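I opened a new notebook page today and started looking things up, one item after another.

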Amino acid sequence: MSEELRDIERRWQDEWFERGIFQADAPSAAERAAARKFYLNVAYPYPSGAMHVGHGRTYTIPDVIARFKRMKGFNVLFPMAFHVTGTPVIGISKRIAAGDESAIRLYRDIYKVPEDELRKFVVPERIVSYFTAEYRMVMRELGLSIDWRRCFTTVDSHYQKFIRWQFNKLNERGYIGKGVHPVKYCPSCGNPVGDHDLLAGEGASILEFTLLKFMHIPRHGESAAVFLPAATLRPETVFGVTNLWVNPNVKYVIARIRHGGDSGVRINAGNRADSTSDCESSEDENEEDSEDRGENSENKGEEYERWIISEECASKLTYQGYAVEVEKELSGSDIIGDFAVNPMNGTRVEILPADFVDPSFGTGVVMSVPAHAPYDFVALRDLHRSGKYMHISPVTIIRTEAYGGGEKGIPPAEVIVDRMGIEDQHDERLEKATEELYAAEFNSGEMIVGEYAGMNVSEARERVRDVLLSRGLASKMYEFSERPVICRCNTGVVVSLMSDQWFLRYDDENWKSDVRALIEEISFVPPEIKAEFLQTVEWLREWACARRIGLGTKLPWDERWIIEPLSDSTIYMAYYTISHIIKKIKDVDENAFDYIFLGNKAYDGKYEDMRREFLYWYPYDLRFSAKDLVRNHLTFQIFHHVAIFPREKWPRGIVVFGMATKDGKKMSSSKGNIVLLSDAIERYGADAVRFFLISAAEPWQDFDWRDDLAFAARKHVERFFNTAVDILNLISSAHQTAEADKTAEAYEMPDDSVSRWILSRTQRHIRETTDALEKLQCRKALQHAFFNMENDLRWFRRRAANPDLNVLRYVLDVWVRLLSPFIPHVCEEIWRRMGGKGFVSLASYPEVCDAYIDRKSEISEEILAGVVEDLNEILKVTGISPQKITLFVAERWKRDLLANVCRMLCDGKGMNEIIPAIMRSNDERIKEHHREIPDLVRKIVERLSEKGWSDVPEIADVDEITLLKSAQDFLQQEFGCPFEIYDAESVDERTDPKNRRKTAIPTRPAIFVV
C-alpha cells in the first residue's frame, strides 16, 4: 500500500474519532418525529486472541450498512462491546503457565504477542485487557463507524447488575429450572463448558443414544449374563439387526455397571479414585456439591450388570450417572465369532470384525442393520466379496417408496448405495447416503414387521425405545453430534449428567410458541435461514445456564454458580442503548432496570435519560452474526427478547454471515492458516481490505481470503484515487469552481449525447447501488458503485474529446458519495479536495435525478460500444492492421422491422406470435423479403434479448446512421484508420464488393476491413 494512502487513512481515522461524528443520541421528544432511527448491532467479540480477516468481514459489512443509512438521513446507532465471560481465558492462561508449547506458539508466533507481554498472560484478566485494547485499535484502523462511548465488557459491575436483573425476570416467569441435565463438561476444569470455551467442536450438540443390551453367548464355556450394549439413535431398527460389529484391534473391558454413580468419578477394580481438577475447590465444597455431580440416591440400590464395552466408553459412562467397576480387559479379537441375543426378538446374531468401529464413540459395539444403514450394507458386502459370512443377509423392516420399499424389494441401503455408485467402506459419499436414507425413512418410512407393522418410523422409534427401557433391556447414553470436542485448556470434553444443574427451560411449549410467532415476523437475510431457526426451536431443550468457575455474573439466588457466556449475551443489545449513560452513575439500583426497560415502578427522574434512549432506539433493526450461532446464540436471544420485553420491542431483522476460509480451507488458529487483520491492513491498507471483504461474496455466503485478490483490491483503490485526483486536476486547470453540494437538478441538461449518456448511466448506478444496499447485497452494490461506474467513466473520457467539466465533476461527486460506505478513507480525502462541506461520511447519499434519465442516449452508446467490440474481435482473430474500415447500417426495411418486433415484444408477445404477424403484413418490402423474415426476426430477438433491450421501445428511435457518423472521429482515432459509414440501401457492388451489407441487422452494422 502506498504510504500516501496509509497516511490518509490514519489522518481521517483520527479526525473522525476526535470530532465524534459517529456518536448517536436519542433526540428530544420534540425532535423525535423527524429523526428517523436505525439501530444495528453485531455479535461482540471474545477478545482471547488476535483479530483475523474473518472478524474483519464480520464488522465491515455492518459498517457499510451503518454508513449507508447515516448518509440516507437516518440517526444510526452502531455500538460495540467485548464479551469476556466464561472460562476461555482461564484455560488459555493455564496452558501458558504450564508451558504448553502449542499455546505459546499460537500467541507468540501467530498472534504476535511480545514475549514480555506473553509472560503476563498467566493472569487471565491480562489476556482480556491486552486483546480488548488490540481489538479497539484494529477496529479503528479498519475505519469502523462505531459509537465508542457505549463500549463495555461483560464483567463491568453495572452490566452484571443488568444480567442479574434479566435472570431474576426469567426466574420469576418460570423460565429457569433445576434438575438432571446432560452438559458439555471439561474434566480438567471440573466445570460445564459452552461453545465459547472450546478449541474444537463449537457446533456439537448432545444426542441421546439408546443402548440396546445384546446378551453375550461365547463360543466356548458357559454364558455368564454379560451384555454387549450397542448405542443407536434408531432403536426401531433392532428388528433388522443381522450381526454386531466389534473392532478386533481395540482394547475392551468387562465392567460391572450400576446406575447412580458419581459424575466424574471412576470406579476401577473395586477402588474409588476421585477425579482431580486444575480448577480446585475446597474439600468442603467438593463434599457439599456431591449432589451436583449426578448422584441419584433412588438408584443406589440397583444391582450391577456386566457389560463388554470399550475402555473409552467405560470412562465416559462415569460422567453420566453410572458406577463403573472394571473386572478384566480383553481384546476385540477375543469375542469375534461369538454370538449375542437380540433383546427385542431373541434371535442370535454373530459378532463380526470391523476396523471402522471407533472405540471412542458410543460403546465400541455397533449393531449392524445392513438393509437400512449404508455403512453396514457396504461393510457386509465387502465381507461377502471376500467369500466370508455368506449366510448373513440384510433384513428389510421399513418400507420407503423412494427406495423401492416392500417386503420382497431390494433393501433400501442397497438401492441408495447403487444409485450413488459407492464402491467400498472408504467412500466419502457414504455419509451423505446415510443422512439421506435416515431422513427419508424417518419422515416417510413405514414399519413392516410384527406388531409395529403399518406404524410410522417416527412413532415406532419412541415405542420400541420405551418398551426396551421399561423391560430393562436398554439404557441411555449421551454423545456429541460431532467430534472432537476440546476445551480451551486442551482437554477432551465429555458429556456429563448433572443433577443439580440450573438450566433455561427452552423446552417450555408456551415460550416456544411466542418464539415461533416472532420468527415469522423477523426479516431474515438470507430468507432461507428462517427454516434453520424454526428447526432449532423444535429440537431445543433445557440449556445449562450456569457453571462453577470462570469470569462472569453470579446467579442472583445461588451465588455458587456463574452465568455461562451464551446465557449472559442474549439481550445486551438493549444495554447498548443506555451503556454510555449508566457508566456515569456510581450506584445503580438493580430494580431500576424495571423502569428503564419495562416502564415499571416510578423514579424521581434519575433514570429518565436512559428510559428515553431505550424507547427511541429499541427494538433493534438489524442484528448481524455468524451462521454457526443460529443454533445457540441467535435463537437464544429471540427466546430472551420474547421473555423479557413487550411485543413492540421485539427484534426486527437478523443477518446471518457465511464462514471464512483461506485458499479454500476453513480459517482456524489451530490449523495456522489465519490471516491477522492488522497484518492485512498494514500490507494492503484499510480501504483495500474493506474492498476485498465486501467484494469476495455476499454477506450470507462463505468467503475465501486470497492474497492475490487482496492485492488486486489495493490496486482498485489506488486506481480510484488516481482517477479522482486526475479529474480534479483537469477541472482545476480549467478554473472550474468546485461546488460539492450542487445537486443534479442544478445543472442544465447538456446537448451532446455522450454527456447525456453518462448522466443517465450514473442515475442507473445510483438506483442499482441503493437498491442492492437496501437488500444488504453489499457485493452487488460495490459492483455497481465501483466497477460499473468506473467502466462508464472510462468510456466517457475516451468518447468525449472535450468533456463537459460540469458533467465530469457531477459524476465524480456522485461516485465519491456512492463509494463512501465501502472505502471511506479515500472518499473522505477526495471529498475534502473537491471542496465538499463537512465529512462525506455525513453527506447525503446520491438520489436519482429522473430528468437525467435518457434511455435513448444509453442505447446509442451501447450500439457504438458493440461496434468497437466487434471490430476488436475481428482484428484480433484476423491479425489485420486496418487501412480502412467500412460500416454498413441495415436497410430501412430492416430498421422498420426492428420497430415492429420491439413493439410486439413490449406487448408481451413471443416468437411464435411475432413471426406470423409480420408475415401477414401488407408491406411490400416484407413480401419481397419473405424468405429472410423468419431468420432475421430470430436474430433481432436474440440481439435485443442479449443486450437487455427486449422491453425498451426507445430502441426503435435510434438513428444508427447519425449515431455512427457523429462518432466517426472517435472511431478513426480509436482504430487509427479512416472510416466510411453507409446506409446499406444506398451502396452497390462497387462500394461493397464482398456484399457484406446483406449481413447487417438493426443495431449491428456489417463490417468490412481492408
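**Salt bridges across the chain**

I began with D621, which counts as buried because its relative accessibility is 12%. My cut-offs: buried means under 20% relative accessible area, exposed over 50%, and partly exposed in between, with a 1.4 Å probe and protein chains only. Before going on, I noted that this is a predicted model, where local features need pLDDT of at least 70, side-chain atom pairs count only at pLDDT 80 or more, and totals for chains, interfaces and linings use all residues. Residues are numbered from 1 along each chain as its sequence is written, and side-chain values use heavy atoms, with hydrogens and water left out.

Which residue does D621 form a salt bridge with? I found R652, with the closest N and O atoms 3.1 Å apart. This pair links distant parts of the chain: D621 is in the loop between α18 (608–617) and β26 (622–626), and R652 is in the loop between α19 (630–644) and β27 (653–657), 31 residues apart. For a salt bridge I need a side-chain nitrogen of Lys or Arg within 4 Å of a carboxyl oxygen of Asp or Glu. Helices (H or I, at least four residues) and strands (E, at least two) are DSSP runs, numbered from the N terminus. R652 has a relative accessible area of 43%, so I put it down as partly exposed.

Next I looked up E790 and R719, whose side chains meet in a salt bridge of 2.5 Å, N to O. Here the link runs between distant parts of the chain, from E790 in helix α24 (residues 778–799) to R719 in helix α22 (residues 707–733), 71 residues apart. Buried or exposed, I asked of E790? E790 counts as buried because its relative accessibility is 6%. R719 reaches 29%, so R719 counts as partly exposed.

I also noted a network of salt bridges that links E3, R6, D7, E9, R10 and E682. Over the whole structure, the search finds 86 salt bridges.

**D500 and its partners**

I then went to D500, which is found in strand β21 (residues 494–504). D500 has 5% relative accessibility, so it counts as buried. What joins the side chains of D500 and K178? I found a polar contact of 2.6 Å. A polar contact is a pair of N or O atoms within 3.5 Å; within protein, one must be able to donate a hydrogen and the other to accept it, and residues adjacent in sequence count only if both atoms are side-chain atoms.

D500 also forms a salt bridge with R560, with the closest N and O atoms 3.8 Å apart. That pair, too, links distant parts of the chain: R560 is in the loop between β24 (546–547) and β25 (562–563), 60 residues from D500 in strand β21. R560 counts as partly exposed because its relative accessibility is 33%.

**Backbone entries**

I looked for cis peptide bonds and wrote down two entries. The bond from V525 to P526 is cis, with omega near -5 degrees, and P526 sits in the loop between β22 (523–525) and α15 (530–539). Y618 and P619 are also joined by a cis peptide bond, with omega about 5 degrees. P619 lies in the loop between α18 and β26.

Then I turned to phi. Y389 is not a glycine, yet its phi is positive, near 55 degrees. Its place is the loop between α10 (374–385) and β17 (398–399), and Y389 counts as buried because its relative accessibility is 19%. N995, again not a glycine, has a positive phi of about 60 degrees. I found N995 in the loop between β32 (979–983) and β33 (1006–1009); at 35% relative accessibility, it counts as partly exposed.

**The whole chain**

To finish, I stepped back. The chain holds 33 helices and 33 strands, and buried residues make up 57% of its 1010 residues. Along the principal axes, the C-alpha trace spans about 110 × 80 × 50 Å.
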